[in-house]
Amino acid sequence: MDYSTAPIWDDCPHTSKMAKPKATHQVHNADVIEVNNAKYRSAVFSGVFLLSPNIELKIIEGKQRAEVECCWFGHKLKTRGIRILIDTHQGSATVKRNFSGLVVCNLEK
């Protein structure tokens with residue numbers, strides 16, 4: 001699945017506790033975030049996600065949002081990437097620069 005060609009959000013579940021990473025995409029020399037126990041729309045998941053372009057993210061202690069290029073049930077938002085919630089008290093997050101490998105590109109059941 002290619003994030004850039006995914007359809008704009010239309011008729012997707014608003015929330016889903018069952019959503020998990022279901023598709024991956026190969027990236028080269030990209031800025032990513034590796035998360036453990038991150039949240040988005042009631043779903044809790046772990047994985048490596050491509051950071052949205054021009055986002056300078058520094059991990060802080062506590063809760064914060066990270067904008068990533070990832071679809072929700074095969075659809076993307078119209079104007080930006082999804083913003084996953086990171087809570088360093090409940091999980092972990094690490095920003096990796098110049099990463100090459102597989103990243104999650106879709107969350108769904």
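**Core, strand pairing and aromatic contacts in the predicted model**

Of the 23 residues in the largest nonpolar core, Ile33, Phe49 and Ile84 touch the most other members. A nonpolar core here is a set of buried Ala, Val, Leu, Ile, Met, Phe, Trp, Tyr and Cys residues joined through side-chain atoms within 4.5 Å, where buried means under 20% relative accessible area, exposed over 50% and partly exposed in between (1.4 Å probe, protein chains only). At least two residues of this core come from each of S1, S2, S3, strand S5 (82-87) and strand S6 (92-108), and S1 gives the most, with four residues. Strands (E, at least two residues), like helices (H or I, at least four), are DSSP runs numbered from the N terminus. Apart from this core lies another, of seven residues, including Val27, Val32, Val48 and Val103. The model is predicted, so local features need pLDDT of at least 70 and side-chain atom pairs count only at pLDDT 80 or more, while totals for chains, interfaces and linings use all residues. Residues are numbered from 1 along each chain as its sequence is written, and side-chain values use heavy atoms, with hydrogens and water left out.

Not counting residues up to four places away in sequence, Ile84 has contacts (heavy atoms within 4.5 Å) with Val35, Ala38, Lys39, Tyr40, Phe45, Phe49, Gln64, Arg65, Ala66 and Val68.

Turning to strand pairing, two strands pair if DSSP finds at least two bridges between them. S1 and S6 run antiparallel and are joined by 13 bridges; within S6, Thr94 is the bridge partner of Glu34. S4 and S6 pair in the parallel sense over two bridges, and Leu107 in S6 is the bridge partner of Trp72.

Trp72 also takes part in an aromatic pair. Rings of Phe, Tyr and Trp (its six-membered ring) pair if their centres lie within 6.5 Å; planes under 30 degrees apart count as stacked, over 60 as edge-to-face and the rest as tilted. By this rule there are three aromatic pairs. The rings of Tyr40 and Trp72 have centres 5.3 Å apart and planes at 75 degrees, so they form an edge-to-face pair. Tyr40 lies in strand S1 (residues 20-40) and Trp72 in strand S4 (residues 71-72), so the pair ties together parts that are 32 residues apart in sequence. Both Tyr40 and Trp72 are buried, and together with Phe73 they form one aromatic cluster.

Away from these strands, Asn54 is found in the loop between strand S2 (43-50) and strand S3 (63-68). Asn54 is exposed, with a relative accessible area of 82%.
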